[in-house]
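Trainee: I would like to go through a structure and ask what each term rests on.
Mentor: Go ahead, and I will set each value against its definition.

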Amino acid sequence: MTQIRHFALSCCLVCALGGMVRIFWPENRFKPVINTVLLLYIVASVLPVWAGADWPGLTGALRGWTQGTAAYDYSAWAAELGRTAAAAAIGAQLQAQGITANVTVSETLCTVELAPGADAQAAADILRAACGEMPWRITGGGQP
């Protein structure tokens with residue numbers, strides 16, 4: 001990385017110097033000549049830095065960046081996100097039918113805690129349709 005920084009700094013400094021010479025050069029018939037001379041100066045100044053760079057070391061360092069990355073396991077996070085979304089969807093279906101409940105979904109069970117006086121039979125009908133194969137349990141409210 002040091003070689004790349006050194007190379008970039010050299011290019012910037014040489015180009016800045018060439019630009020200043022070009023700005024202060026008077027407008028005359030030698031303007032194309034000085035432009036060519038400045039271009040050759042820039043190329044000649046940058047070539048030694050380019051040739052002296054440790055390219056195998058640089059490529060090894062760049063390859064090390066990609067090989068050193070660890071793969072992360074997001075499966076637990078994705079499962080928790082799915083359970084949260086499922087609980088929200090079931091809660092929305094219950095709410096749409098006028099049933100107030102607190103819904104939690106674990107890895108193996110969907111638990112619905114009904115508010116006092118809520119219709120447990122209507123909640124059971126919704127859970128049969130919404131939960132599919134997943135077991136569910138109703139607590140609180142009027143039990144079916």
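Mentor: Helices (H or I, at least four residues) and strands (E, at least two) are DSSP runs, numbered from the N terminus. By that naming, R83 lies in helix α4. This is a predicted model, in which local features need pLDDT of at least 70 and side-chain atom pairs count only at pLDDT 80 or more, while totals for chains, interfaces and linings use all residues. Residues are numbered from 1 along each chain as its sequence is written, and side-chain values use heavy atoms, with hydrogens and water left out.

Trainee: How many helices and strands are there in the protein chain?
Mentor: There are five helices and three strands. Along the sequence they come in the pattern α-α-α-α-β-β-α-β.

Trainee: What makes the protein chain more spread out than a compact globule?
Mentor: Its radius of gyration is 36 Å, well over the 15 Å that the globule rule gives for 144 residues, so the chain is more spread out than a compact globule. The radius is taken over C-alpha atoms, and the rule is 2.2 Å times the number of residues to the power 0.38. The C-alpha atoms fill a box of roughly 100 × 40 × 20 Å along the principal axes.

Trainee: Why is R83 called buried?
Mentor: Buried means under 20% relative accessible area, exposed over 50%, and partly exposed in between (1.4 Å probe, protein chains only). R83 has 18%, so R83 counts as buried. Buried residues make up 20% of the 144 residues in the protein chain.

Trainee: Which residues does R83 touch, not counting those up to four places away in sequence?
Mentor: They are V105, S106 and E107. Contact means heavy atoms within 4.5 Å.

Trainee: How many salt bridges does a search of the whole structure find?
Mentor: It finds two. D125 forms a salt bridge with R128, with the closest N and O atoms 2.7 Å apart. These residues are in helix α5, again three residues apart.

Trainee: What makes a nonpolar core, and which residues of the largest one touch the most other members?
Mentor: A nonpolar core is a set of buried Ala, Val, Leu, Ile, Met, Phe, Trp, Tyr and Cys residues joined through side-chain atoms within 4.5 Å. The largest has 17 residues, and L94, V103, C110 and L114 touch the most other members. Elements giving two or more residues are α4 (75–96), β1 (101–105), β2 (110–119) and α5 (120–131). With six residues, α5 gives the most.

Trainee: Is V112 buried or exposed, and why?
Mentor: V112 is buried, because its relative accessible area is 0%. V112 lies in strand β2. Beyond four places in sequence, its contacts include L94, V103, L127 and I138. V112 and W136 are 24 residues apart in sequence and 7.6 Å apart in space, C-alpha to C-alpha.

Trainee: Where is W25, and why is W25 called partly exposed?
Mentor: W25 is in the loop between α1 and α2. Its relative accessibility is 32%, so W25 counts as partly exposed.

Note on methods:
Salt bridge = Lys/Arg side-chain N within 4 Å of Asp/Glu carboxyl O.
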